[in-house]
There are 2 protein chains.
Amino acid sequence: MKKKKDFSAEVREMARKAKWASHQLAQLSSSIKNKALMEMSDELDRQPEWLIRENQKDLAAGRKLRLSSALTDRLRLTPSIIHGMAEGLREVARLPDPVGEIIKMWKRPNGLMVGKMRIPLGVIGIIYESRPNVTADAAGLCLKSGNSVILKGGSEAFHSNQAIGEILRKILVKTGLPQEAIQIFPYTEREAIREMLQLEEEIDLIIPRGGEALLRFVVSHSKIPVLKHYKGVCHIFVDETADLEIAIRVCLNAKVQRPGVCNAVETLLVHEKVAGRFLPKIGKALQKEGVELRGCPQTKKILSHIKGAREKDWFEEYLDLILSIKVVKGIEEAIEHIARYGSLHTEAILTSDYQNAQKFLKEVHSSCVLVNASTRFNDGYELGLGAEIGISTSKLHAFGPMGLEELTTTKFIVYGEGQIRG
Amino acid sequence: MKKKKDFSAEVREMARKAKWASHQLAQLSSSIKNKALMEMSDELDRQPEWLIRENQKDLAAGRKLRLSSALTDRLRLTPSIIHGMAEGLREVARLPDPVGEIIKMWKRPNGLMVGKMRIPLGVIGIIYESRPNVTADAAGLCLKSGNSVILKGGSEAFHSNQAIGEILRKILVKTGLPQEAIQIFPYTEREAIREMLQLEEEIDLIIPRGGEALLRFVVSHSKIPVLKHYKGVCHIFVDETADLEIAIRVCLNAKVQRPGVCNAVETLLVHEKVAGRFLPKIGKALQKEGVELRGCPQTKKILSHIKGAREKDWFEEYLDLILSIKVVKGIEEAIEHIARYGSLHTEAILTSDYQNAQKFLKEVHSSCVLVNASTRFNDGYELGLGAEIGISTSKLHAFGPMGLEELTTTKFIVYGEGQIRG
């Protein structure tokens with residue numbers, strides 16, 4: 001345990017080293033970065049026993065702290081989870097390298113050629129909870145995009161994260177890369193995190209991943225830009241003209257395929273003209289899967305056996321086998337409901353009407369808006385970004401899934417022939 | 001003067017109204033927005049006397065406060081400045097509307113069509129000092145990009161800003177747009193600004209424009225993302241192979257054409273192999289324009305009559321007819337100097353060497369990097385963005401000049417045919 005006064009200097013020193021490493025990283029060729037990623041995967045695949053032994057220390061400490069079984073599950077490293085981390089790094093190695101790409105170029109009347117070139121952000125701080133595999137995943141994405149990373153995992157995963165970090169850093173040294181490019185934050189005190197969040201000169205971006213309390217803490221204390229995702233209160237609007245077979249398949253998928261994730265649907269909005277035909281069918285299908293339904297008064301007229309939804313249900317991210325249902329007069333009311341209760345995450349319309357499809361796409365301003373597809377597709381892999389470091393529900397810089405491109409910025413480049421400004 | 005306890009509720013109410021207005025704004029056609037902008041210009045052109053009378057109140061208060069003549073100059077509205085504001089709005093009306101543009105679209109193996117569509121950010125807060133013309137310029141850019149704006153100008157320009165705001169809002173009402181789309185912040189107390197900076201649910205972006213103290217205040221207190229520009233310590237590196245005629249023309253332009261702005265050059269880095277030929281020429285030319293030179297020891301061997309540069313000179317944004325000069329061994333040392341002392345704003349290389357031009361473009365990570373052109377080109381108009389609301393030296397979201405596109409974000413849109421996730 002360090003004394004309080006030590007944090008400021010030591011945390012700043014970490015961040016400075018990360019910044020200097022980032023200057024080197026920014027210049028690396030894709031092949032060198034890919035080689036390091038592949039060797040990291042191989043080393044993870046060679047070391048499962050050691051990683052599991054280190055993970056046991058965390059699990060033992062967790063038992064003393066009486067961690068819930070859900071938390072313990074998330075904390076546990078198994079041979080298959082470790083192999084999954086290794087495979088994840090191999091996949092990142094195979095993705096195209098965004099750094100150096102010139103995304104557009106144009107010519108000015110005075111002959112200047114102006115372009116925008118992708119460059120790494122610099123240093124990224126990732127603050128996360130529980131799952132130690134995030135350590136390898138996030139480090140891989142940052143390395144590939146030419147960024148240094150400082151990883152602050154949950155204190156309950158301290159030994160596991162240190163061990164994974166040790167393997168990754170060993171390979172950095174072996175492949176001639178600066179080992180300060182990947183640093184595992186060694187402090188568990190809040191005070192130390194607060195110090196890190198002050199370092200706007202050294203750190204370019206903070207990505208918090210975890211519960212709402214963690215996110216609110218980071219946003220309140222950070223002078224560094226933060227990309228965050230508060231919650232996903234996702235909606236599906238079943239329009240009058242929806243194909244009901246598709247509607248049942250999509251609504252079921254969006255609710256039950258993985259109810260504990262942010263892009264699962266939480267509220268169903270149903271056009272009043274189709275409610276009488278659709279609700280009995282979807283109600284039956286959902287209840288067969290164990291989903292608890294909570295309906296508005298009109299819904300309860302059709303599904304009389306279900307619970308009533310209260311005002312707070314419309315704001316709720318259940319992350320569970322619960323769904324609220326509201327009958328609406330039409331697309332206008334659906335869009336208004338989403339604007340009022342939604343969380344800007346993911347919304348879908350199921351319709352056969354061209355105008356309504358276009359209207360919904362245009363007027364709903366969530367990070368991902370879908371026509372006739374499951375909300376579960378709002379995901380970096382599924383949308384084709386190749387990988388994902390999180391989903392942003394803040395609009396600045398990145399809105400929606402963040403892949404490698406979202407870990408870069410662009411600078412202006414100008415080719416001249418001696419032009420001066422008049 | 002309002003009581004302290006009033007701010008929280010009233011500022012939040014302003015922001016909420018701005019947010020509701022932003023939902024309407026986001027759906028407007030370009031032609032309606034352009035019509036409002038043109039009518040605003042016409043009304044400004046009809047009202048110079050009234051605006052100048054309101055401006056007199058600020059100037060009179062300024063005399064009592066003994067404002068410096070520089071500040072008074074910036075504060076003063078003249079018929080030509082007012083006409084300039086009107087013309088600025090007309091130019092914004094003529095720019096392409098970024099909202100609704102689909103910047104790319106691709107197809108997934110399961111048939112989903114995935115695209116990214118530009119949408120407004122929502123509500124933008126602009127906190128600025130002195131010049132009242134910013135009120136019209138910023139309001140015009142925000143309206144065109146579909147954003148509501150809350151404008152907090154300097155307290156010394158209170159009446160001028162209120163008057164400009166009144167004209168703009170009158171036209172909003174006349175053209176059927178929500179008048180809450182443009183709001184002039186009516187409080188001058190810091191406490192009220194602090195309240196505004198807490199409203200992360202209502203306000204999407206804060207752009208501070210002004211001195212370093214204002215910027216640090218905003219960054220320290222804001223829970224809302226901030227796009228800022230701290231300072232411009234801009235460099236020109238004169239390489240061994242530079243065309244010396246071009247070098248003299250470009251260096252002169254970058255220093256003296258408008259020395260008080262952020263993209264003026266502050267430090268000249270000169271390759272040692274060309275210093276003996278170049279420094280006497282550029283020294284003479286600069287001194288003829290009244291520029292004070294401060295040189296490193298090697299520079300002083302050639303220009304013995306100039307002042308010595310101290311360590312702190314390399315960090316300095318003079319914003320004045322002062323230039324520091326350093327002789328370097330070559331491009332490596334120049335790039336290192338920029339990484340150490342630069343502010344990520346604007347840097348140029350003057351060279352005839354292909355490899356060095358590419359190396360400089362690739363390895364210098366400032367918001368704008370130029371080859372054989374003046375640093376003065378780092379500007380929204382000059383680079384072809386059409387207009388500019390500021391220059392960002394933070395890398396997130398926008399790095400460099402911010403035009404209309406930078407006042408938007410993108411959402412993912414997905415066209416499906418009933419796909420579900422497996």
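Here are some questions and answers on a predicted model with chains A and B.

The model is predicted, so local features need pLDDT of at least 70 and side-chain atom pairs count only at pLDDT 80 or more, while totals for chains, interfaces and linings use all residues. Residues are numbered from 1 along each chain as its sequence is written, and chains are lettered from A and ligands numbered from 1 in the order in which they are written.

Q: How far apart are the end C-alpha atoms of helix α2 (residues 30-46) of chain A?
A: Helices here are DSSP runs of H or I with at least four residues, strands are runs of E with at least two, and both are numbered from the N terminus. The expected span is 1.5 Å times one less than the number of residues. For the 17 residues of α2 of chain A that gives 24 Å, which agrees with the separation in the model, 24 Å.

Q: Which residues of α2(A) are buried?
A: Buried means 20 or more other C-beta atoms within 10 Å of a residue's own, exposed means 12 or fewer, and partly exposed is in between, with C-beta atoms placed from the backbone. On that count, the buried ones are Lys33(A), Asn34(A), Ala36(A), Leu37(A), Met40(A), Ser41(A) and Leu44(A). They cover an arc of only 160 degrees around the axis, which puts them on the same side of α2(A); the arc is that of the directions from the helix axis to the C-beta atoms. The other side has two exposed residues, Ser31(A) and Arg46(A), so the answer stays with the buried list: Lys33(A), Asn34(A), Ala36(A), Leu37(A), Met40(A), Ser41(A) and Leu44(A).

Q: Which are the edge strands of the open sheet of 10 strands?
A: Two strands pair if DSSP finds at least two bridges between them. The order runs β1(A)-β2(A)-β16(A)-β13(B)-β12(B)-β7(B)-β8(B)-β11(B)-β9(B)-β10(B), with mixed pairing. Each edge strand pairs on one side only, and they are β1 (102-107) of chain A and β10 (307-308) of chain B.

Q: Which residue of β12(B) is the bridge partner of Val238(B)?
A: Strands β7 (residues 234-238) and β12 (residues 346-350) of chain B run parallel and are joined by four bridges. In β12(B), Val238(B) has as its partner Leu350(B).

Q: Which element gives the largest share of the side of chain A that touches chain B?
A: Contact means that the C-beta atoms of two residues, placed from the backbone, lie within 7 Å. Each chain puts in 62 residues. Elements giving two or more residues on the chain A side include β2 (113-120), α9 (212-221) and α10 (244-256). The largest share, 11 residues, comes from β16(A).

Q: Is strand β6 (residues 205-209) of chain B enclosed by or open to the rest of the structure?
A: Leu205(B), Ile207(B) and Arg209(B) point one way and Ile206(B) and Pro208(B) the other, and all are buried. With five of five residues buried, β6(B) is therefore largely enclosed.

Q: How many C-beta neighbours inside 10 Å does Ile331(A) have?
A: Ile331(A) lies in helix α13 (residues 331-341) of chain A. Beyond four places in sequence, Ile331(A) is in contact with Asp239(A), Asn356(A), Lys359(A) and Phe360(A). Ile331(A) counts as buried because its neighbours number 23.
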